[in-house]
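Here is a short report on the pockets of one protein. Look over the sequence and the model before reading on.

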Amino acid sequence: MDEKEFSDESARNDFFDREYSMYEEFQRLCYKFMANWALDEKNFDWDTYILMQNHGAPTRILDWTDGALISLHFAIKDVDAERKENEGKEEKNPRVYVLNPYSERLRQKTDESEEIQEKTVKRWKDFVKNHPGSKLNEEEWEEAYLPSEEEDRKEIDIPEPPLLLLSPHLTPRLGSQRTRMILFGKDPFWFKNNKEESFLQEIEIDRLQCERLLVELKDCGITESVIFPDLDGLGREIAQYWKVLFKDYKQKREKKGKGD
């Protein structure tokens, strides 16, 4: 949905209803894949939502990392594929966005904002009192951000500003990626509308240098199999390495042909 569509209340409610349906379905079906995991029952709702994001399901979560070289890898690793997909269109340089999570200004606009402190926190306490059998905690107002059904949203609506999460590393992949997360509220365009703020900086990468940078990242120990510690990650790493080797081989053959 674009910004105009999302501003329509009916369309927005439909979006959140569909999200809750997917969330419930993921929770219903995920157990068979988690037999060896010791997930905390108390945090099951949070953990499953984070796992949804990490395994490709649509969520309001945006992955960040506290590893600068890891973020660079994510920004440039698919540039070659995107170039082929967008052939004939104007090519854009990849970008790395740097967020200062300790910025006082950022806190003032998110969890310390008037909306959160004067509305969400108070409404959450009322919501907990109205649902005594639900085992909810009055202090854990952040749960208002989780997917919820329409009846619950009438009592405690999803807040507007995003929520910064120091997310648990539930899986080796999350740990390897040094994952932090941002959970968007009702405004998925919040960062776009705050891009001029000092807590958010943009670094543009020359797309013509991405192949060289991938090789240098490999020399620094940042590769697909490090960030995705499984056979799929290793396979992608070898495929990337093959492209570099094959290109180098072609260049050497071309030089030799010119020399002959």
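Helices (H or I, at least four residues) and strands (E, at least two) are DSSP runs, numbered from the N terminus. This is a predicted model: local features need pLDDT of at least 70, side-chain atom pairs need 80 or more, and totals for chains, interfaces and linings use all residues. Residues are numbered from 1 along each chain as its sequence is written, and side-chain values use heavy atoms, without hydrogens and water.

A pocket is an open set of points on a 1 Å grid over the protein atoms alone, where a 1.4 Å probe fits and protein lies on both sides within 12 Å along at least five of seven lines; lining residues have an atom within 4 Å of a point. Volume is the space filled by probe spheres set on the points, which are joined across faces, edges and corners.

The largest pocket holds about 1,300 Å³ of space. Its lining has 39 residues, with Leu62, Asp63, Trp64, Thr65 and Tyr97 closest to the centre. Strand E2 (95-99) is among the elements that supply at least two lining residues. E2 gives the largest share, five residues.

The second largest pocket holds about 810 Å³. Of its 31 lining residues, Glu211, Leu214, Gln240, Lys243 and Val244 lie nearest the centre. H4, helix H5 (79-85), helix H11 (210-219) and helix H13 (231-259) each give two or more. H13 gives the largest share, ten residues.
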